Amino acid sequence: MWFYRRLLRVSWKEKRTDEAILAELQVRRHLLESIRKRKLSFLGHICRSKCTLMKDIIQGKLEGKRGRGRPRAAYLDNIKTWTRRNSTEIYTMTERREEWRELVQKAVRAANASRSDAG
């Protein structure tokens, strides 16, 4: 976005949204789509692996005190939002690889559709 703002000579003081700048240049964000696909694919890989430490980290089952302030978004929170499923459904689907791949493709397609509708 920094590059696009420099390209249009938009000052940092101007209150223009990122969406307005992307619409003016007629481009869309590809990076967010690839991040979503990578996160979903990685979760399937981790859930099918034998490593329990990684599963515990992803699920947020670590001991210790929570820091002050707003809690950070957990890895699994993004996955739940994108797939519109709860944790148990997600974990059972990751065990069935073909079904998980279909869900990943569907989530990425939904992201592409919502971005093209908004722009």
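**Entry 1. Salt bridges.** I started with E98 and R101, whose side chains meet in a salt bridge at 3.3 Å, N to O (a side-chain nitrogen of Lys or Arg within 4 Å of a carboxyl oxygen of Asp or Glu). The model is a predicted one, in which local features need pLDDT of at least 70 and side-chain atom pairs count only at pLDDT 80 or more, while totals for chains, interfaces and linings use all residues. Residues are numbered from 1 along each chain as its sequence is written, and side-chain values use heavy atoms, with hydrogens and water left out.

E98 and R101 are 3 residues apart in helix α7, which means a separation of about one helical turn. Helices here are DSSP runs of H or I with at least four residues, strands are runs of E with at least two, and both are numbered from the N terminus. I looked up the accessibility of both partners: E98 is exposed at 52% relative accessibility, and R101 is partly exposed at 45%. The cut-offs are under 20% relative accessible area for buried and over 50% for exposed, with partly exposed in between (1.4 Å probe, protein chains only).

I then went through other pairs; the count by this rule comes to 4 salt bridges. One of them joins R5 and D18, with the closest N and O atoms 2.9 Å apart. R5 lies in helix α1 and D18 in helix α2 (residues 18–25), so this pair ties together parts 13 residues apart in sequence. D18 is partly exposed, at 25% relative accessible area. R96 and E99 also meet through their side chains, at 2.7 Å from N to O. R96 is partly exposed at 42%, as is E99 at 31%.

**Entry 2. The chain overall.** I noted 7 helices and 0 strands. Of the 119 residues, 24% count as buried. The accessible surface comes to about 9600 Å², and 52% of this belongs to carbon and sulfur atoms; the areas come from the Shrake-Rupley method with a 1.4 Å probe, and for residues only the protein chains shown count as cover. Among contacts with a separation of 6 or more, 48% are between residues 24 or more positions apart (contact means heavy atoms within 4.5 Å).

**Entry 3. Helix α6.** Which residues of α6 are buried? In this helix (residues 87–95) I found S87, I90, M93 and T94. These residues cover an arc of only 130° around the axis, which puts them on the same side of α6; the arc is taken from the directions from the helix axis to the C-beta atoms. The face turned away from the buried side carries the exposed residues T88 and E95.

T94 has a relative accessible area of 0%. Leaving out residues up to four places away in sequence, T94 touches G44, C47, R48 and W100. I followed this to G44, which lies in helix α3 and is also buried, at 0% relative accessibility.

**Entry 4. The core.** The largest nonpolar core has 14 residues, of which L40, L43, I79, I90 and W100 touch the most other members. Such a core is a set of buried Ala, Val, Leu, Ile, Met, Phe, Trp, Tyr and Cys residues joined through side-chain atoms within 4.5 Å. Helices α3 (31–48), α5 (75–83), α6 and α7 (97–118) each give two or more residues to this core. I looked up I90 in particular: beyond four places in sequence, I90 touches L43, I79, K80, T83, R85 and W100.

Entry 5. W2, F3 and L7 make a nonpolar surface patch of about 410 Å². Patch residues have over 30% relative accessible area and no salt bridge, with like charges joined within 9 Å and nonpolar side chains (Val, Leu, Ile, Met, Phe, Trp, Tyr) within 5 Å. L7 belongs to helix α1 (residues 2–7).

Most residues other than glycine have a negative phi. I noted R9 as having a positive phi of about 60° although it is not a glycine. R9 lies in the loop between α1 and α2 and is exposed at 76% relative accessibility. R84 also has a positive phi, near 60°. I place R84 in the loop between α5 and α6, exposed at 71%.
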